[in-house]
Amino acid sequence: MARKDAILKLHQVLVKRRDALRQALAGDLSLLKELRDQQGGDVVDFALDSAQDEISSQLAEVESRELSQIDGALERIREGRYGLCEICNKPIPLARLQALPYAQSCINCQRELEASGGNWDRDSMLSDNVEFDVP
Ligand SMILES: [Zn+2]
């Protein structure tokens, strides 16, 4: 599959996941469950497991963090720089994007970040990308 097509597909995955997370944050887990039945494991699973274990503000935090990462990825798709490592600017391998559709950096840069103790990936996304209904 061409990279472009793969990214188109990932775009659909991201949009679906975003909708499911938004619903879940509004208290409706049905779409999230549906997605898990269709796709199996990974991040949705993680959010769901947390949902069952502890319905709490911690769950909302996990979900809103993922949501902001997804929003960031969708923004990068719109701007045409999706799939490029934000640090070294090289294309992130498709396999990594398929495993983690909102990856912002290639595995090498990610490792270096983790080695340096930074939570760059998460914390930089938390600040201003979350779209909530602010009163
Ligand atoms: Zn990189």
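# A tour around a zinc site

Start by selecting Asn-89, which sits in the loop between helices α4 (57-79) and α5 (94-99). Helices here are DSSP runs of H or I with at least four residues, strands are runs of E with at least two, and both are numbered from the N terminus. This is a predicted model, in which local features need pLDDT of at least 70, side-chain atom pairs count only at pLDDT 80 or more, and totals for chains, interfaces and linings use all residues. Residues are numbered from 1 along each chain as its sequence is written, and side-chain values use heavy atoms, with hydrogens and water left out.

Stay with Asn-89 for a moment. Its phi is near 70°, a positive value in a residue other than glycine. Is Asn-89 buried or exposed? Asn-89 counts as exposed because its relative accessibility is 56%; exposed means over 50% relative accessible area, buried under 20%, and partly exposed in between (1.4 Å probe, protein chains only).

Now select the zinc ion. Which residues are its protein donors? They are Cys-85, Cys-88, Cys-106 and Cys-109, each through its SG atom, lying 2.3 Å from the zinc ion. Donors are N, O and S atoms within 2.8 Å of the metal (3.2 Å for Na, K and Ca); water is not among the atoms, so sites may look incomplete. Along the sequence, the donor residues follow the spacing C-x2-C-x17-C-x2-C.

For comparison, the ideal angle for four tetrahedral donors is 109.5 degrees.

Next, click on Cys-109, which you will find in helix α6 (residues 107-115). Cys-109 counts as buried because its relative accessibility is 11%. Leaving aside residues up to four places away in sequence, Cys-109 touches Cys-85, Ile-87 and Cys-88; contact means heavy atoms within 4.5 Å. Then pick Cys-106, another zinc donor, which counts as buried because its relative accessibility is 10%.

Finally, zoom out to the whole chain. How many helices and strands are there? The chain has seven helices and zero strands, and 36% of its 135 residues count as buried.
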